[in-house]
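Please consult the sequence and the model while reading.

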Amino acid sequence: MSLDTPALPRSGLDPFSTDFFDDPYPEHEKLREAGPVVWLERYGVHAVARHAEVHRVLNDWATFCSSRGVGLQDFSRETPWRQPSLVLETDPPEHDRARKVLARVLSPLTMRELRDGFAAAAEALVAGLVGREIDGIADLAQAFPLSVFPDRIGLARQGREHLLPYAGLAFNAFGPDNALRREAMARAAPHVAWVTEQCRRGNLSPDGLGARIHAAADAGEVTPEEAVLLVRSLLTAGIDTTVNGIGAALYCLARFPNQFQALRADPKQARNAFEEAVRLESPVQTFFRTTTRAVELGGAILPEGAKVLMFLASANRDPRRWDRPDEYDIARRTSGHVGFGSGIHMCVGQLIARLEGEVVLEALARHAAAIEIAGPPVRSYNNTLRGLARLPLRIR
Amino acid sequence: MKITFVAADGTRTQVQAREGDSVMHTAVQNDVDGIIGECGGSMMCATCHCYVDDGWTEAVGGQEEGESDLLDCAASEVRPTSRLSCQIRMRAELDGIVIHLPESQL
């Protein structure tokens with residue numbers, strides 16, 4: 001009898017190719033059914049696509065660390081493209097100190113403060129779209145977050161067009177050195193320059209959320225330099241993700257008209273309708289971790305320093321965890337989905353994302369009689385984010 | 001082991017729990033109304049607020065660090081027995097625990 005561990009199932013899949021992005025679901029299923037851990041030959045990394053293993057990796061930060069990068073690059077061997085994030089790309093204890101500041105700025109208490117203003121803005125925007133043919137992405141999924149988030153952060157008006165390209169760049173950078181990443185890097189300079197400048201205290205309005213992060217530096221919780229990087233986290237992760245989340249919800253409600261009618265009948269379901277869209281579409285598709293020691297995972301032994309690719313989107317449709325996984329059901333109990341991650345790195349902006357999604361869907365439920373697809377949707381390609389570039393809709 | 005949930009209207013539901021699982025997770029897995037657990041147990045949301053029955057507060061123990069900040073934002077009244085149910089892990093001493101649910105979580 002051999003003492004070797006059984007050979008891992010292998011896959012030749014390129015999960016960062018546009019062919020895969022066009023229809024990832026059959027490939028997700030193959031990965032899940034191949035085994036709890038699969039070796040991806042193309043990039044020489046381990047992959048997990050079942051809910052149980054994804055959840056385990058997300059919740060064991062000591063073994064599956066983030067400080068060596070949450071993309072394909074290993075920061076212990078390669079130089080990151082920018083100074084690493086103080087929350088996303090760190091481990092405890094450094095992580096916890098920075099996270100605490102962001103968590104307080106984005107707390108349930110802050111949401112109470114923001115709710116009425118966000119709801120009124122959503123009402124006004126949606127009321128103006130009823131009876132029209134619109135692009136659900138530009139006219140609503142982008143328009144709404146861009147109308148409320150930068151103002152609340154306290155950003156200058158000029159230059160906001162850099163926000164979405166900067167986020168697209170950051171999320172492409174987690175992927176391999178492919179055409180998407182290279183093209184994003186080639187166009188990066190002006191976006192990076194603007195965002196870097198806007199994170200400075202003097203460029204943020206004193207009554208915004210960005211200023212509250214800088215105030216934490218006055219209290220000695222973080223250094224002034226760290227405060228700048230934490231504001232950068234808000235700008236990187238706070239907009240494009242929410243745009244794709246709202247876009248996902250519109251795409252779901254248009255494809256499942258009975259679910260939109262259920263939402264109209266009970267607009268209070270808006271929050272869960274948004275959450276379920278995040279589960280089903282998973283705007284953030286993947287993240288990596290790096291092993292800090294040799295570890296057993298799903299019967300396989302991973303060496304120290306192994307990159308592990310987590311297919312969050314596949315975990316969110318794993319039939320081992322979810323009933324009717326491919327169906328959009330606004331009444332589903334969604335707790336436990338990993339669309340916002342899980343564990344200590346779980347999206348620190350999840351409450352503001354949910355608030356934005358909720359108020360938009362509630363406004364739609366109150367104003368629109370139906371949402372119909374009015375033309376072919378066009379996919380937007382990114383190494384990490386899943387979403388549409390265009391979604392022609394008829395709002396009745 | 002077992003957990004009994006008592007809804008705000010007095011309805012009692014007894015469910016099986018596994019050692020090591022949180023009270024929140026057990027409630028969600030068993031479709032118990034009154035616990036949402038929006039953040040999946042990452043201590044971000046305060047939608048798994050519960051009141052530990054007076055007879056069990058000692059066995060359960062006090063709040064974890066950061067819990068009271070979140071409970072300040074809970075939708076229903078906060079009492080001395082308030083806890084986030086995601087922070088209560090099931091163990092032998094808690095077999096049979098009684099958990100009261102608030103009127104609303106959002």
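## Contact between the chains

About 1400 Å² is buried between chain B and chain A, and 49% of it lies on carbon and sulfur atoms. Buried area is the accessible area (1.4 Å probe) that two parts lose on being put together, summed over both. On the side of chain B, E38(B), M44(B) and C73(B) lose the most area to chain A, together 45% of what that side buries. The contact (heavy atoms within 4.5 Å) takes 18 residues from chain A and 21 residues from chain B.

This is a predicted model, in which local features need pLDDT of at least 70, side-chain atom pairs count only at pLDDT 80 or more, and totals for chains, interfaces and linings use all residues. Residues are numbered from 1 along each chain as its sequence is written, chains are lettered from A and ligands numbered from 1 in the order in which they are written, and side-chain values use heavy atoms, with hydrogens and water left out.

Between chain B and chain A there are 4 salt bridges. A salt bridge is a side-chain nitrogen of Lys or Arg within 4 Å of a carboxyl oxygen of Asp or Glu. R354(A) forms a salt bridge with E38(B), with the closest N and O atoms 3.3 Å apart.

## A sheet in chain A

An open, antiparallel sheet in chain A consists of 3 strands in the order β5-β13-β10. Helices (H or I, at least four residues) and strands (E, at least two) are DSSP runs, numbered from the N terminus; two strands pair if DSSP finds at least two bridges between them. β5 (133–135) and β10 (371–373) of chain A stand at the edges with a single partner strand each, so one side of each is left without a neighbour in the sheet. From one strand to the next, the twist averages 35°.

The table lists the two pairings.

| Strands | Sense | Bridges |
|---|---|---|
| β10(A) and β13(A) | antiparallel | 3 bridges |
| β5(A) and β13(A) | antiparallel | 3 bridges |

In β13(A), L393(A) stands opposite I373(A), and R394(A) stands opposite E133(A).

## Two helices in chain A

Helix α12 (residues 240–255) and helix α14 (residues 270–281) of chain A pack at an angle of about 95°, their axes 8 Å apart. That makes α12(A) roughly perpendicular to α14(A), a term for angles of 65 to 115 degrees. Axes are lines fitted to C-alpha atoms, for helices over the stretch in contact, and angles run from 0 to 180 degrees between N-to-C directions. Residues of α12(A), including Y251(A) and R255(A), meet F274(A), A277(A), L280(A) and E281(A) in α14(A).

How values were computed
Angles under 35 degrees count as roughly parallel, over 145 as roughly antiparallel, 65 to 115 as roughly perpendicular and the rest as oblique.
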